[in-house]
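These are my notebook entries on the fold, an interface and a few individual residues. Each entry records what I looked up and what I found.

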Number of protein chains: 4
Amino acid sequence: MKIADKTFNSRLLLGTGKFSSSQVMVEAVKASGSELVTLAMRRVNPNEKTDPIVTPLIEAGIQLLPNTSGARNAEEAVFAAKLAHSATGTRWVKLEIHPDPRYLMPDPIETLKATEQLVELGFHVMPYMHADPVLAKRLEEAGSAAVMPLAAPIGSNKGLLTRDFIQMIVEQANVPVVVDAGIGKPSDAMQAMEMGVDFVLVNTAIASAQNPVAMAACFKQAVITGRQAYEAGLGAQSSNATAVASSPLTDFLGASS
Amino acid sequence: MKIADKTFNSRLLLGTGKFSSSQVMVEAVKASGSELVTLAMRRVNPNEKTDPIVTPLIEAGIQLLPNTSGARNAEEAVFAAKLAHSATGTRWVKLEIHPDPRYLMPDPIETLKATEQLVELGFHVMPYMHADPVLAKRLEEAGSAAVMPLAAPIGSNKGLLTRDFIQMIVEQANVPVVVDAGIGKPSDAMQAMEMGVDFVLVNTAIASAQNPVAMAACFKQAVITGRQAYEAGLGAQSSNATAVASSPLTDFLGASS
Amino acid sequence: MKIADKTFNSRLLLGTGKFSSSQVMVEAVKASGSELVTLAMRRVNPNEKTDPIVTPLIEAGIQLLPNTSGARNAEEAVFAAKLAHSATGTRWVKLEIHPDPRYLMPDPIETLKATEQLVELGFHVMPYMHADPVLAKRLEEAGSAAVMPLAAPIGSNKGLLTRDFIQMIVEQANVPVVVDAGIGKPSDAMQAMEMGVDFVLVNTAIASAQNPVAMAACFKQAVITGRQAYEAGLGAQSSNATAVASSPLTDFLGASS
Amino acid sequence: MKIADKTFNSRLLLGTGKFSSSQVMVEAVKASGSELVTLAMRRVNPNEKTDPIVTPLIEAGIQLLPNTSGARNAEEAVFAAKLAHSATGTRWVKLEIHPDPRYLMPDPIETLKATEQLVELGFHVMPYMHADPVLAKRLEEAGSAAVMPLAAPIGSNKGLLTRDFIQMIVEQANVPVVVDAGIGKPSDAMQAMEMGVDFVLVNTAIASAQNPVAMAACFKQAVITGRQAYEAGLGAQSSNATAVASSPLTDFLGASS
């Protein structure tokens, strides 16, 4: 599966916030099998030669995906992306613009504007967004490398609240769909994959688990299996057992006579 | 994990109805890793030395769990269990009593009565039941080997409609809890396991998949991973992102100066 | 609408527990328009000529429905019903048997047994029960005057968790269906009525409101309107707007030329 | 309750599409008590002196809210609003811009752009939008007279799929919040009002009812009662009955001795 010009074997992306230590985070990333990991640039010290977060990830061959978390508008986000490029050399960027400090919901207008500017500058832009099917289309047309609709508010662990709208986005997208934010359990990630979503990004659900490294391994497997289930073709729901009812016991009694 | 006196490595039970052929069913059972498989005795021909369903399952070392599907009361169910014992030699029985042919919902009164009688006769009784926490307690006290609350109506593929009640059963049970009926997707099975359920039984979701054998393998993995997630300790839900909000971008800008 | 031999104009039943004072409770009952009100007999002092709870309700022409709350089995419940009859003269009884003090979930076995005995003794039995369609049938056949399936655990305010099963009960019942327990908001009561439920019983949602008397009036109206909506015939859900899409703007532009 | 400079007694807005006849629609509007009614301008013939839709609504003293349904971008929407002004004299406009003919989801970018232009032109702009809290803020800042987040896709009757996000919008808005699209039952409208939403717009749920006029009256009452319930202060949900459990029967037995 490709995003931009890069092929990934894993459909799981990880965030690096809220872990109890850098070491636990790095262990969790390794256990997750993720090849694309997002981190807030403000947590990286560009003046140091080695960084306790960045260095081990790079050594493990992982593609860094700097994010613009904290940016309140397009200008700040573009600035942050440029700084990230300077500091790490990567042109990948997860675009996060959330003017509201309470719920961290993304700004559709500034996100589209920043996407246009960053695409122009040669970035692989992966915008975090509400599960808004028309905005997904607009971002795709602006050249985003993927779209990243939220499942639920960031950090809420509430799961696929936006299911009906993500289904529309999946149906209509020509770029990879990455479900981001709100995934609380491996079964949530699996459910997204069963719907045909291309990738899932998880952070809080792993960082806030009692055993983050073990939970990361669970998410790895949930995403793999969810994709396989999508490909195996789920059966339909029905509201009435009658259609599938077994034949009555008289068959059995008859058969045994 | 044990049920009655037998240890199982797999927490997935399979039903054998509604498959397109016996061969597909047997392949799906093998792909699922299930070691305990239920089948309606009326579909078995006890006068034949080899049976296209039973023989390959026994050869694969699988524990048969005859069910009393079609029984409308305790008397018919006990009779069916005895016939199953005669035909197969097993004392395991999945007790299903559903007087209503439309929704196949189980009868709590007759189910308890039959459980008492079959326990007396030395059977390992696994009763199919509504997700009724008090009934689960009563069946356990009557000596059932497990309790099998339904997730949703049989064959509906609707998933964990009874989640709150299954959570109560899990909290209170001293015998294994097997979620049975209504599981429609691997993520449903995983969600049940994440809640601490001991086993999951799946049938329609596999039999009605486009590729039943591949889907059986997905359920195998979903159940394993769901249990691991339960053991890794899920993080809590929250309704407000603020508690987990990243620090503002000014940190980043400051850090880079 | 009748229950047993009595006609009611209101489809709302009230419980009397958890109010801040008897006076608030009586005011709430009056505001609700309810004509059938349940109360735990243990809260009534049969040695007093006037009772702060019972007397004003009787003076308001309200039918008392003593309940057996606190009973752990059929024997205790039958005993409580007889005491209630002695104390109040009524043969109406709401049968509540919940051996589990944590969730107060009803016992299906003891509830059926007590129903049989109380019907034999001439009581109008209204059994509180899990939303179990087969048990509803059994209780109806035993002569219960109504069935009272729960929406959610008592006192939880969680709303219609058991919707799919209550729908089955409504389809199959020949006695009034009273949804009891778990109703948390007027919209929950209305949703039950929209499904064709005959009556709704509310207690905690009113008693725990900031303004219980005003909330009682809201439930009164929600139940009336929900029934009217049922009779007006709800439209179907659809998953695709296309079928109902308006014609394109070109019509408008054309029309205006 | 005011929108722009006009005070409304009714918190219910109606749409006029999909009715079986103009006469049924007008009767439904009257039964609903709505004082603000939206209609697609393309269905109005501006060359006729009397119009079977517009004339009776105006005679009933109802404020018309022309909508731009069918517009695919800001330019078309602004053009449509101007035509509506010419034809009807009103400066009220419901802004609908949906480039996708399949789901009719609104376009956030073009909607903001058109809002800015129409506000500049002196219109009272009520934009239809996804339940996007940041977009709601942006539209408010652009001078919209209200914001109209969707509950579910137009015409789906699916109810409050976007509940968590509408709650955020209600918390943060300084203009009236009108829940629009997807409301399928009076209980859905009531649930929105219980959350503190200011107005609800309904169309398909009334037009597709078996008896649209009776259903309109149900929605009228549901909206009134939902607002009253909001003001009466709903009690909290709890997951455990224990806190509210009645005292055990021994109290009763003791009291009666």
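I took helices (H or I, at least four residues) and strands (E, at least two) as DSSP runs, numbered from the N terminus. I worked on a predicted model, in which local features need pLDDT of at least 70 and side-chain atom pairs count only at pLDDT 80 or more, while totals for chains, interfaces and linings use all residues. Residues are numbered from 1 along each chain as its sequence is written, chains are lettered from A and ligands numbered from 1 in the order in which they are written, and side-chain values use heavy atoms, with hydrogens and water left out.

Entry 1: the fold of chain A

I found 10 helices and 10 strands in chain A. I called a residue buried under 20% relative accessible area, exposed over 50%, and partly exposed in between (1.4 Å probe, protein chains only). On that basis 63% of the 257 residues in chain A are buried. I took contact as heavy atoms within 4.5 Å. Among the contacts of chain A with a separation of 6 or more, 66% join residues 24 or more positions apart. For the surface I used accessible areas from the Shrake-Rupley method with a 1.4 Å probe; for residues, only the protein chains shown count as cover. Chain A exposes about 8,900 Å², with 47% of it supplied by carbon and sulfur atoms.

Entry 2: chain A against chain D

I then turned to the interface itself. In it, 29 residues of chain A are in contact with 29 residues of chain D. I took buried area as the accessible area (1.4 Å probe) that two parts lose on being put together, summed over both. Chains A and D bury about 2,400 Å² between them, 64% of it on carbon and sulfur atoms. On the chain A side, Ile109(A), Val134(A) and Phe165(A) lose the most area to chain D, together 23% of what that side buries.

I counted a salt bridge where a side-chain nitrogen of Lys or Arg lies within 4 Å of a carboxyl oxygen of Asp or Glu. There are eight salt bridges between chain A and chain D. Asp164(A) forms a salt bridge with Lys158(D), with the closest N and O atoms 2.8 Å apart. On the chain A side that touches chain D, α4 (108-120), α5 (133-141) and α6 (163-172) each give two or more residues. The most come from α6(A), which gives five residues.

Entry 3: helix α5 of chain C

The N-terminal end of α5(C) is capped by Asp132(C), with a side-chain oxygen 3.0 Å from the backbone nitrogen of Val134(C). Just after α5(C), Gly143(C) has a positive phi of about 100°.

Entry 4: loop residues

I found Thr68(A) in the loop between β5 (63-67) and α3 (74-88) of chain A. Thr68(A) is buried, at a relative accessible area of 1%. Its side chain reaches the backbone nitrogen of Glu96(A) at 2.7 Å. Leaving aside neighbours within four places in sequence, the contacts of Thr68(A) include Ala77(A), Val93(A) and Leu95(A).

Most residues other than glycine have a negative phi. Asn157(A), which is not a glycine, has a positive phi near 60°. Asn157(A) lies in the loop between β8 (148-149) and α6 of chain A, and is buried with a relative accessible area of 4%. Ala181(B), also not a glycine, has a positive phi of about 80°. Ala181(B) is placed in the loop between β9 (178-180) and α7 (186-194) of chain B, and counts as buried at 9% relative accessibility.

Is Gln237(A) buried or exposed? At 51% relative accessibility, Gln237(A) counts as exposed. Gln237(A) sits in the loop between α9 (212-232) and α10 (249-256) of chain A. Leaving aside neighbours within four places in sequence, Gln237(A) is in contact with Ser156(B), Asn157(B) and Lys158(B).

Notes: Polar contact = N/O pair within 3.5 Å; in protein donor to acceptor, adjacent residues only side chain to side chain.
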